[in-house]
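Hello,

I am passing this structure on to you, along with some notes on what turned up in it. Please have a look at it first, then read on.

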Amino acid sequence: MNNSTTPMPWLDEPRERLRQSLADNRLPHALLVTGEEGVGKRAFADRFAALLVCEQPDMAKGVRCGRCKQCELASADTHPDIRRYAPEKSRVIKVDQVRALSSFAVASPQVAGRKVAVIDRADQLNINSANALLKTLEEPASDLVLILLQESGRPVLPTIRSRCQVQGIATPSSAQAAQWLRAEIEQMALESPPTSEQCDRALRLAANAPRLALEYVTGDFLSLRDEAFEQFRSFMKGQISVGDAAKPFKTLGLEASLWLFEGWAGDLARIKAGGLARDEEASEMLGFLARTNPAWRAHELIDLVHEARSAAVYNVSPDLEAGRLLIAWQKLMPVKRAAG
């Protein structure tokens, strides 16, 4: 269970909707919680799961009591009637995990009045595991609530989506995200806390997704991103080979690399439409490319990132995918014509 106690006020509205549904006995058997990476979907699901098993919840406020045995187990992340299913040693949730979920779904609760299964993330179900989940969604047990998490832009089978009530999580405002990030860093009492400039930069790169920004400033993402961008820029100028340019992306990992390429392509489209780049350090190069290319080239690059993300379920190589995307980017550079 997420142990952060820093308030996330942007989650209040969706929580209130679910509280009202629960109070009115209209809670659906399956929720699909959608939102950008790092906006707090997992924290939202954990808190709601704990509320669902609490013996004495305050339904007027929509909070658990925090004192009963169920709350103690949920706080310790050992509640036997709350199960979480996420990719394990793989980029996808496998069919064996969904079969385990199905067994959990039909069993009686062990200590609570109902069971909760959190699928983190539903967009990483492969076709076999998604089909296996359908039976549980179509014939839900009366004492089971399914909470499926989905990152924005990552597809979920329509047959799964249509059997869930969709609950969107909005990205917080800049002020909310900055306030949460500052409070969380203070709470961590780091020996060398990040500077305010690093926090601001992380929030820009994370598009105000505060949990993602926290990962950026407490890990090595920012330095790895700088190294990757320098190689990217050198490759675009024809100074290094695609193999050398792809090396830092291999260190970053596939998902983080795709996130960067998607962000740069989004910035390219944003500049082309008259806006500003979120990645300020890349704005000069992206501005040059925006002046020399039509807008559809940016969307073509975004489509390539989506294709690469779909191919990720087959354990593709991060540096090979980075190389493929780098070559696509280089095609945006103006071609020098021979003299004469």
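Which helices and strands each supply at least two residues of the lining of the largest pocket? They are α2 (41–53), α5 (127–138), β4 (144–151), α9 (210–218), α12 (254–272) and α14 (296–311). Helices (H or I, at least four residues) and strands (E, at least two) are DSSP runs, numbered from the N terminus.

Before going further, a word on the source: this is a predicted model, in which local features need pLDDT of at least 70 and side-chain atom pairs count only at pLDDT 80 or more, while totals for chains, interfaces and linings use all residues. Residues are numbered from 1 along each chain as its sequence is written, and side-chain values use heavy atoms, with hydrogens and water left out.

**The pocket**

The largest pocket holds about 1,300 Å³ of space. A pocket here is an open set of points on a 1 Å grid over the protein atoms alone, where a 1.4 Å probe fits, with protein on both sides within 12 Å along at least five of seven lines; lining residues have an atom within 4 Å of a point. Points are joined across faces, edges and corners, and the volume is the space filled by probe spheres set on them. Of the 45 lining residues, R121, D123, Q124, E151 and E255 are the closest to the centre. Helix α9 gives the largest share, five residues. By class, the lining has 23 nonpolar, nine polar and 13 charged residues (nonpolar: Ala, Val, Leu, Ile, Met, Phe, Trp, Tyr, Cys and Pro; charged: Asp, Glu, Lys and Arg; polar: the others, Gly among them).

R121 has something else to show: a cis peptide bond joins D120 to R121, with omega about 25 degrees. R121 sits in the loop between β3 (115–120) and α5.

**A helix pair**

The axes of α10 (residues 221–236) and α11 (residues 242–252) come within 9 Å and cross at roughly 165 degrees. Axes are lines fitted to C-alpha atoms, for helices over the stretch in contact, and angles run from 0 to 180 degrees between N-to-C directions. The two helices are therefore roughly antiparallel to each other (angles over 145 degrees). In their contact (heavy atoms within 4.5 Å), F221, F232 and F235 are among the residues of α10, and P248 and F249 among those of α11.

**One more spot**

N25 is not a glycine, yet has a positive phi of about 60 degrees. N25 is found in the loop between α1 (12–23) and β1 (30–35).

Enjoy exploring!

Conventions:
Angles under 35 degrees count as roughly parallel, over 145 as roughly antiparallel, 65 to 115 as roughly perpendicular and the rest as oblique.
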